[in-house]
Amino acid sequence: MANSKKPGGLREMLESMYSVIALLFILVACVELCDAAAAVDVYRLIQYDMSGSPFGSRFAALNHHAASLHFPPGVDLSRTVLIIPLRELNITFVREYINQKKPLGGLLVLLPEVLSFKTGGNNQVHEKEKMKNLLAELERLLIHSNIPYPVYFAFENDEIDTVLADIKKNDLMGQPATATTGGYKFVIPTAEPKKVASPTMTNIQGWLSGLKTDGDANQLPTIAIVASYDTFGAAPALSVGSDSNGSGIVALLEISRLFSLLYSNPKTRGRYNLLFGLTSGGPYNYNGTQKWLRSFDQRLRESIDYAICLNSIGSWDNELWIHVSKPPENAYIKQIFEGLSNVAEELDLKVGLKHKKINISNPRVAWEHEQFSRLRVTAATLSELSVTPELLESTGGLFDTRQYVNETAIVRGVKLVAESLARHIYGHQGKNIQIFADESSLAVNPAYIRSWLDVLSQTPRVAPFLSKDDPFVMALKKELAGHVDEVNVQHETLEGIFTFYDSTSARLNIYQVASVTFDLLLLLVLGSYLIVLFSFLVITTRGLDDLISLFRRPPSRKLKTA
Amino acid sequence: MTMFHFFNCAILTFGPHAVYYSATPLSECDTLGTSVKAALVYLGTALVKLVCLATFLQVSENDGFDPYQELLKALIGFIDVAGLYFALTQLTHRNISQNHKFQAVGLGWAFADSVLHRLAPLWVGARGLEFTWDYILQGLEANANLVLSISLAALGSLIWLRKNKPKTLIPIIYACAGIVATMPSITSYPRRGLGWHFPKVVGFELFTSLVMAFISWQLFSACQRPYAALLSPMKFRLPSSFVV
């Protein structure tokens, strides 16, 4: 009998050892060996109201566990943040989530590092077109939806990549992070977003006077060159709008520089005044342009021969479009178009004419020249876009970064506009004279264009978040003042159908937390350790009887008294 | 949840001291006053050590192992030994037996050490959201330190309080006391020089403390054996009629 007991006892001991080892494994598996908490810069989705309807992400603060796209199906995500890198983003999945109003704790989209204007540098983007289309679609979806949870954008870096890999590993094991299973916790401690009170739009105008001889009784005619400089995008802290409309601003500055060179010498000063306008409020039906024009003197408005508006001329190959609202048969339109086509032929590029009638009752203003046309000033917009953009489209979004702009295109655009303007001013129509020839002192300066484009590609310019004395606006004013005779700044309030909310960027803290189960297990282990220690010490110093007597004291007392 | 973690680490760091006090006959002999006095003496020696370290030690930029600096630190560590000597011999204790005295002094010493070195980091760090293993390892280190302090107190009491010891054991006693006294310097070599990670260092500390405790226990009982009849036995038992 003793022999049969021994193997049984051994098996029992082995089994208890296995359970101890299993317990140890569970303890270790609950929490991995840690990294320190990571902190990442994140940028919030825009939050705005249009005619009272809410759009965008309505919340800013975040304090939830994180999960990746590999979460086990059927799990409740209302207290979880989904972290999705752009390359794994499936638009239909996101669209389904938003349209069916499925509950979610938060959404974090990871953008590739090359798109970051702080760290991406000028690296080439792989699969440009695909990424651009994906980003454009995502942006369109997010801007026009009402999302009741925080949505943030962040750029990938090593830290967040390791965190994401960890989260994916945990999710694949079937253990999404909750309070009882540990994992990663994303915390963004910001206050509730508040409305931006009376957002300002700042219009900057520069005036270059023409040569007035004694014989001129009337005011000289004026030509206006206008570009809107503000942007709108899904992440306002990232809306740098290199093409829309950074390219326009840069072209306007370069044209003003060239003509300031010409006009500085009275012998070469033209008989036309030049009015340069850097307007704000572009994405909001060119509200700023309208207010700027309304502030004009009646005489000034009547003296404007025509206006050229520049909108997105940074990423075209061979064809530019001139958008007009007056019919192409109109004499003035014909003149403008012919002037530009002649120069275009010489520069080996094409210009096409697009006519879009304006509907006075429709408040939608798709092109800047329409604001001029509504006040009966002849105007045209020069753009690479052939299709009229919708509201809040092509206004400088997530994909509109430096890598998508080609400075050679801008140089050619500047040449086109400057030459045709000069030929009109100096009366050289039809003659093959190159005023701004390469290698001359009046050549278009690519370095100037490049440096300003770089600056613009690092400055987000969403109008409600630019204060009255914003340093960038002041820099634009200063630059324009260096090229023209007189600069004026006009501040207007952005009223109308749009209301904006603040809190555009924040800092995300990532913590690796232990589950409640782990803490309870640890408590159990420590409790048993202390009990074992206690018993060990009592046995060695006082003897086993004393240990037993600790638990049996009352009965022994009773026995004694009895 | 994070206060929970703080609570767990606190009972790991300070629990064994309380358990030791209540489990052994120390609680019955009411040696709390001795422990408190020993803790105060530790505070004093810590201050003196601080001043000496600040005066004589140079702060190195890198975390490498500098033998000269470590030697200086070891010499300053002997101030610890002086403090223990003071606590064991000069403080007037009530009439308690010798082996209880060294246990009480060692306990008070270790408790003060844990409170001074580990309470503040624990309070500040363990309550945060982020989980690290550091505080649990720190608690294990506190346990090792408790064992080491009691062995050092035991050897100290052997050296200074016991008048008649077997001649052969005296050099061994002094050697062990020297090793235990310079244990901090010995552990800093693997920590800095070999670049071990914290868990390995803590394991090493636990192992060495258990080894030294075992050796000092053997030495103590070896010194006691010839005089078992004269001195009070290690197993101190009150008559059962006193248990109320």
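The following legends describe close-up views of a predicted model.

Residues are numbered from 1 along each chain as its sequence is written, chains are lettered from A and ligands numbered from 1 in the order in which they are written, and side-chain values use heavy atoms, with hydrogens and water left out. The model scores ipTM 0.82 and pTM 0.77.

**View 1. Packing of helices α1 and α6 in chain B.** Helix α1 (residues 2-23) and helix α6 (residues 134-160) of chain B have axes 9 Å apart and pack at an angle of about 10°; α1(B) is therefore roughly parallel to α6(B) (angles under 35 degrees count as roughly parallel). Axes are lines fitted to C-alpha atoms, for helices over the stretch in contact, and angles run from 0 to 180 degrees between N-to-C directions. Helices are DSSP runs of H or I with at least four residues, and strands are runs of E with at least two, numbered from the N terminus.

**View 2. Helix α3 (residues 128-143) of chain A.** The end C-alpha atoms of this 16-residue helix are 22 Å apart, in agreement with the 22 Å that it should span at 1.5 Å a residue; the expected span is 1.5 Å times one less than the number of residues. The buried residues of α3(A) include Met131(A), Leu135(A), Glu139(A) and Ile143(A) (buried: under 20% relative accessible area, with a 1.4 Å probe and protein chains only). Their cover includes α2 (91-99), β6 (106-111) and β8 (151-155) of chain A.

**View 3. Surroundings of Gly233(A).** Gly233(A) lies in the loop between β11 (222-228) and α5 (242-263) of chain A and is buried, with a relative accessible area of 0%. Leaving aside neighbours within four places in sequence, Gly233(A) contacts Ile46(A), Glu139(A), Ile143(A), Ser239(A), Gly396(A) and Gly397(A). Its C-alpha atom is separated by 13 Å from that of Tyr152(A), 81 residues apart along the chain.

Terms used
Predicted model: local features only at pLDDT ≥ 70, side-chain atom pairs only at ≥ 80, totals over all residues. Parallel < 35°, antiparallel > 145°, perpendicular 65-115°, else oblique. Buried < 20%, exposed > 50% of the residue type's maximum accessible area, 1.4 Å probe, protein only. Contact = heavy atoms within 4.5 Å.
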